[in-house]
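Please open the structure in your viewer and keep the selection tool at hand.

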Amino acid sequence: MKALVYHGPGQRAWEDKPRPTITRPTDAIVRITHTTICGTDLHILKGDVATVEPGRTLGHEGLGVVEDIGEGVANFKVGDPVLISCVTSCGHCDYCKRGMYAHCRDGGWILGNMIDGTQAESVRIPHADNSLYRLPEGMDPSAAVMLSDILPTGHEIGALNGEVGLGDTIAIVGSGPIGLAALLTARFYSPARIIMIDPDENRLAMARQLGATDTIASDPVDAVMKLTDGEGVDVVMEAVGIPETFETCQRIVRAGGHIANIGVHGTSVEFHLEDLWVKNVTVRTGLVNTNTIPVLMRILEAGGVEPAVLVSHRFTLDEIEQAYDVFSQAAQEKAIKLLLTAQ
């Protein structure tokens with residue numbers, strides 16, 4: 001089969017690789033029908049994720065059809081259309097029993113990281129009963145693929161960790177795919193004001209289309225303080241993963257407010273405890289658990305959220321290297337989320 005393979009920092013190739021096979025009774029083999037590229041994949045290609053070894057198939061998001069199952073798989077059969085969770089969970093360990101699938105003792109974020117991932121014609125999914133979700137008939141794949149990662153990430157690590165509440169003023173620093181997913185899911189909790197911050201005017205235009213009340217392209221601290229009469233925001237979400245944006249979050253949160261860090265940080269940041277301790281500020285970090293996928297799928301099925309609009313570019317699966325080139329130049333290409341479809 002063909003797969004997108006990592007060969008060290010800056011090196012990737014769409015090349016032949018052996019098809020995956022069942023190695024444990026709880027495995028399933030899924031033929032990929034749709035996948036996408038995550039900002040984390042770009043971090044991997046830069047060499048930022050040490051656990052990804054050369055030879056690894058990238059990708060942790062996708063939809064597909066079950067091709068084979070191990071004898072221990074009870075919830076799926078060959079031919080079932082499925083959503084692949086970006087986080088693998090055994091469902092039995094102490095962390096899984098607490099709903100912390102990201103820390104599963106025999107899983108977590110391993111697809112495209114510790115084991116071969118979804119940017120391929122087929123993928124092996126460990127613990128299939130707990131790591132796959134049957135797709136409702138007729139669900140738009142452009143929307144459904146967002147349930148693999150960015151929608152639950154925006155919901156769990158952004159809206160829930162930030163404790164967004166009725167009537168809040170919130171700010172999201174970064175209007176890329178994750179920031180926009182955080183916007184979509186934060187709206188479930190009826191904040192009064194949603195301020196989106198990003199230097200990319202194209203992404204800010206998308207944010208306004210999705211319900212942002214205010215957008216800021218430059219001087220975010222001064223701009224937010226003017227918008228809030230010097231008070232700051234109730235909730236601020238960091239959705240970039242660099243020191244400058246975390247700095248902005250610390251400077252615009254109000255007393256009693258919440259900082260929810262979503263971004264993947266490759267370097268340390270300066271934490272201004274000397275300013276924050278007296279403000280009763282809560283700071284939360286997290287890796288998505290994906291335990292809200294079932295409820296998000298129901299909301300999507302009912303039309304309560306429409307993430308398909310985030311798809312800005314479409315490619316066939318064998319055009320994946322071209323797709324990476326486009327996604328790595330997102331500002332110039334006006335790219336938000338890319339959908340790759342197997343032929």
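What follows is a list of selections, each with a note on what is there.

This is a predicted model, in which local features need pLDDT of at least 70 and side-chain atom pairs count only at pLDDT 80 or more, while totals for chains, interfaces and linings use all residues. Residues are numbered from 1 along each chain as its sequence is written, and side-chain values use heavy atoms, with hydrogens and water left out.

Select residues 177–186, helix 6, together with residues 201–209, helix 7, whose axes (lines fitted to C-alpha atoms over the stretch in contact) come within 10 Å and cross at roughly 15°. Helix 6 is therefore roughly parallel to helix 7, a term for angles under 35 degrees.

Now show the side chains that make the contact (heavy atoms within 4.5 Å): Pro177, Leu180 and Leu183 from helix 6, and Arg203, Met206 and Ala207 from helix 7. These contact residues comprise 5 nonpolar, no polar and 1 charged.

Finally, move to helix 12, residues 320–328, where Ile320, Ala323, Tyr324, Val326 and Phe327 are buried. They cover an arc of only 165° around the axis, which puts them on the same side of helix 12. Among the elements covering the buried residues of helix 12 are strand 1 (2–6), helix 1 (39–45) and helix 13.

Terms used:
Axes are lines fitted to C-alpha atoms, for helices over the stretch in contact, and angles run from 0 to 180 degrees between N-to-C directions. Helices (H or I, at least four residues) and strands (E, at least two) are DSSP runs, numbered from the N terminus. Angles under 35 degrees count as roughly parallel, over 145 as roughly antiparallel, 65 to 115 as roughly perpendicular and the rest as oblique. Ala, Val, Leu, Ile, Met, Phe, Trp, Tyr, Cys and Pro count as nonpolar, Asp, Glu, Lys and Arg as charged, and the others, Gly among them, as polar. Buried means under 20% relative accessible area, exposed over 50%, partly exposed in between (1.4 Å probe, protein chains only). The arc is that of the directions from the helix axis to the C-beta atoms.
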